[in-house]
Amino acid sequence: MLAHDHEALFRAEWNLSDSLVSTKFSEIAYQIEADNYGFMWVNTQKGLARIDCKSRKTRILDIGLNQMIYDGIQSIWYSSDNELYRINVLTCAIEKIGELAKGSLVHSFVLENKNIWVSCTEGVMAWDVTSLQRTGVAFPGRYYQAGFYDKQHEVILWGGYDGISYMPTHAIKKEKKASPVIITAVRSNDRRLLPMVDYIGSSIRYQNRIELPHTEKNLTFEFSTLAYSSETEFYYRLGNTKQWNKLEPGRNYISFANLHSGRYKLLMRSGNSDNPRISPVTEFGFTILPPWYASVIAYIIYTLILVGIAFIIIKYIRRNIKLKYERIEKEKTLELSNLKLDFFIHISHELKTPLSLIIAPLSTLITEIKKPEHKKRLESVYGHALKLNSLIHEVLDFKQIDCASENTLIRSNIELCSFTRNILDTFSMAFASKNIRPVLISDREQIWMNLDMIKMESVISNIITNAIKFIPAEGGKIEVSIIQEAETVTIQISDTGSGIRHEDLPYVFIRYFQSKNKERRKDGSGIGLYIVKKFIELHDGHVSINSAGDKCGTLVTVTLPLSGANCISSVQNSFQTDQQLSLLSGKPILLIVDDNVEMVTYLVEAFSKEYCCLYAFNGKDGITIASEHHPDIILVDQIMPEMDGIEFCKVIRKKMQIALVPIAMLTAKDDKDTELKSMKAGVDAFIAKPFDIDKLELRLEQLLKTRRRLEKRLSIETIGQPVQIQEKEIDTGEAFITKLVAIMEENMENTEFNVSMLCQLVEMDNKQLYRKVKQLVGVTPVDLIRRIRMKKAAALLSQNRFSVSEVMYMVGYSNPSYFSKCFVAEYKVSPSQYASEDQNTLRHANGD
């Protein structure tokens with residue numbers, strides 16, 4: 001800051017922009033004004049600063065301004081963009097004075113008596129600082145960067161980029177009242193809108209509001225002041241905006257494009273005065289109607305539709321809830337009924353045993369009793385017992401056909417010829433008692449199909465039971481023929497019984513149907529053939545029955561397709577070995593060998609939580625996988641193509657690496673002969689189909705525990721001195737360990753002997769040897785070699801014939817410190833201490 005005194009023209013008093021001064025407020029000052037109250041006003045880059053010249057206190061106002069001037073009274077006038085303000089120098093209260101056209105800027109201020117002259121983009125105009133009345137515009141379209149008021153000559157000199165202008169102060173006249181703006185025409189899409197055609201009413205000049213359809217959204221308004229003037233300036237404003245928009249000179253129309261539906265208000269004036277008495281404002285309203293789909297009626301319809309949809313949804317939800325509760329109630333009722341029925345079925349099962357103990361002795365007593373009256377009574381009791389037995393079977397059959405699981409097939413591969421022969425064998429006693437000759441004929445030795453074994457057994461058994469029932473007492477013949485064709489397998493069961501009447505043939509497969517012929521009304525429930533038809537249709541087959549009439553026998557024909565699910569799949573074992581081995585994270589390995597894909601899938605899903613499951617679809621592939629991966633337990637089916645389960649077990653028991661793996665066999669042939677063959681082949685558990693999955697899981701767990709107990713018994717602690725391997729020991733785990741010890745004894749002095757060399761000598765890879773040794777003795781191959789060497793070293797040291805160094809080389813070590821470290825880890829003392837302690841023990845023993 002500079003001050004003036006008498007000695008020097010200018011003198012620096014203080015520097016407010018010095019970085020060492022605590023009152024620093026800006027680096028740049030654009031303009032400085034002084035007022036009559038001792039304040040300096042500085043326009044800086046941080047805002048408007050007011051400096052008290054006496055106290056040197058500074059106050060910065062957050063005001064961004066372009067130009068400023070002191071009016072000589074009590075206000076600082078300044079411009080901000082196109083707006084003009086004044087601020088009270090004492091209170092710092094801000095008041096808006098006026099607004100210039102949009103885009104107009106103030107370039108300079110000049111104070112002339114009580115008028116402030118402004119040079120802006122629009123030209124030159126003046127404001128009375130007392131009345132705030134604007135007095136007009138001169139030099140339109142020209143602006144000046146600086147101005148100076150010559151009070152003596154009452155002129156203002158304006159300086160710009162292209163020269164200096166001279167203007168007397170009386171050159172500007174008072175603004176005259178502008179003429180009002182009148183709209184003369186409205187156009188839409190370059191077409192003039194006509195009254196009573198495009199809008200209702202008379203000419204647009206006499207309207208202040210019109211309504212237009214939604215298609216008229218690009219509008220142009222033409223207007224005039226009806227007064228000739230080449231310098232008329234038009235301003236307009238649309239809606240509630242506060243900013244007036246100035247039109248280009250000579251332009252008397254406004255265009256609006258893509259207007260939305262709604263109400264609009266257009267404000268227009270001529271002149272830039274904010275005083276409506278000088279520049280009267282014309283207001284014109286217009287409405288663009290919405291399209292039909294956005295009208296009020298349309299929204300009412302939409303609302304009604306939404307309410308209707310909501311009503312329908314609520315009604316639908318309430319109906320579903322009601323049905324849900326009804327279904328729950330029905331399920332509870334059905335559950336209660338099933339509980340009652342299960343109880344009844346359970347009691348019926350319990351009645352079968354005592355009833356069997358009644359029927360069997362009664363049949364014996366009837367043949368032994370000689371007195372007719374006693375025999376007659378016993379026959380009556382026997383007949384009622386048989387009737388009770390048939391009623392119990394009827395209840396059990398009813399439960400069977402109504403069970404939901406009976407609609408689901410559990411398929412397995414069945415050799416149809418042997419399967420049918422086994423079923424005929426179960427009726428051997430019945431055939432002998434009625435002198436019936438069974439005959440089985442097949443055009444093939446073996447016919448393999450993928451069927452539900454339980455349901456097919458029920459089908460054939462029901463047909464044979466009916467045949468036996470209606471063969472006369474003097475005897476007869478039942479013939480079963482199995483014929484394989486290109487796409488079907490046909491099973492024909494014929495008998496020499498009483499036959500079926502022609503009128504009864506259409507109804508024999510109906511549930512509970514029984515013939516009215518008294519000779520045909522044997523004890524039964526009438527559901528046997530219904531079950532046959534139902535089970536055959538589940539296999540996509542067909543069943544028919546033919547009979548020439550009474551006493552002409554019956555022929556039942558069952559046709560099964562050799563396609564679809566009935567056909568045995570030739571799926572090969574395509575699993576990725578490395579991928580499955582990566583999943584073996586400590587779980588026992590279960591190998592499943594079964595030719596039925598569905599059965600394998602089911603067993604893998606059932607045991608995947610407890611076991612890492614490998615699988616094969618025939619015995620040969622199963623042998624390969626077992627030899628490669630050494631499973632902990634094997635589950636194998638008995639009947640398979642290429643190699644059956646019994647042959648598979650024999651091969652497994654002959655392989656030294658996997659000879660001790662427990663094997664559980666699944667079989668559909670639940671007979672004594674098959675069980676004996678399985679036990680001779682080395683099967684640990686014999687499980688008949690159908691099986692309970694929980695019982696099977698428990699049985700596998702028991703076999704695995706037994707295997708682990710055997711592993712503990714074959715631990716390293718039981719290994720003694722090496723012995724010669726005998727031929728009878730080749731199938732045991734102990735023989736395998738004995739063989740390993742013998743190989744280690746032979747290579748004891750070889751310092752290069754390690755696990756890799758051991759793998760080559762036993763013809764096993766590193767991974768297989770690790771698993772095998774870990775399973776049998778509980779230690780790794782490396783630990784086994786070290787412990788055998790330490791045992792040998794201890795035995796040699798105990799003889800007192802060799803030094804510690806000699807023993808070290810004799811057991812395959814070349815580093816004394818490492819040998820001593822391994823010996824201490826095994827026996828808790830050093831080799832020399834072990835030898836001396838052993839020698840002292842021997843001396844004490846001799847002294848005693």
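**Reading the model**

Modeller: Of the 848 residues of the protein, 41% count as buried, where buried means under 20% relative accessible area, exposed over 50% and partly exposed in between, with a 1.4 Å probe and protein chains only. This is a predicted model, in which local features need pLDDT of at least 70 and side-chain atom pairs count only at pLDDT 80 or more, whereas totals for chains, interfaces and linings use all residues. Residues are numbered from 1 along each chain as its sequence is written, and side-chain values use heavy atoms, with hydrogens and water left out.

Biologist: How many helices and strands are there in the protein?

Modeller: Helices (H or I, at least four residues) and strands (E, at least two) are DSSP runs, numbered from the N terminus. The protein has 19 helices and 38 strands.

Biologist: In what order do the strands of the sheet with E15, E16 and E17 lie?

Modeller: Two strands pair if DSSP finds at least two bridges between them. Here 3 strands form an open sheet in the order E15-E16-E17, with antiparallel pairing. Strand E15 (146–150) and E17 are the edge strands, each pairing on one side only. Strand E16 (residues 155–160) is joined to E17 by 6 bridges, and isoleucine 156 stands opposite methionine 167 in E17.

Biologist: Where is glycine 163 placed, and is glycine 163 buried or partly exposed?

Modeller: Glycine 163 lies in strand E17 (residues 163–168). Because its relative accessibility is 31%, glycine 163 counts as partly exposed. Its C-alpha atom is separated by 9.2 Å from that of tyrosine 144, 19 residues apart along the chain.

Biologist: Which residues of helix H11 are buried, and which are exposed?

Modeller: In helix H11 (residues 672–681), the buried residues are Thr674, Ser678 and Ala681. Seen down the axis of H11, they fall within an arc of 60°, so they line one face of the helix; the arc is that of the directions from the helix axis to the C-beta atoms. On the other side of H11, Lys672, Met679 and Lys680 are exposed.

Biologist: What covers the buried residues of H11, and what follows H11?

Modeller: Contact means heavy atoms within 4.5 Å. The cover over the buried residues of H11 includes helix H10 (645–654), strand E37 (663–667) and strand E38 (685–688). Glycine 682, whose phi is positive, near 105°, follows H11.
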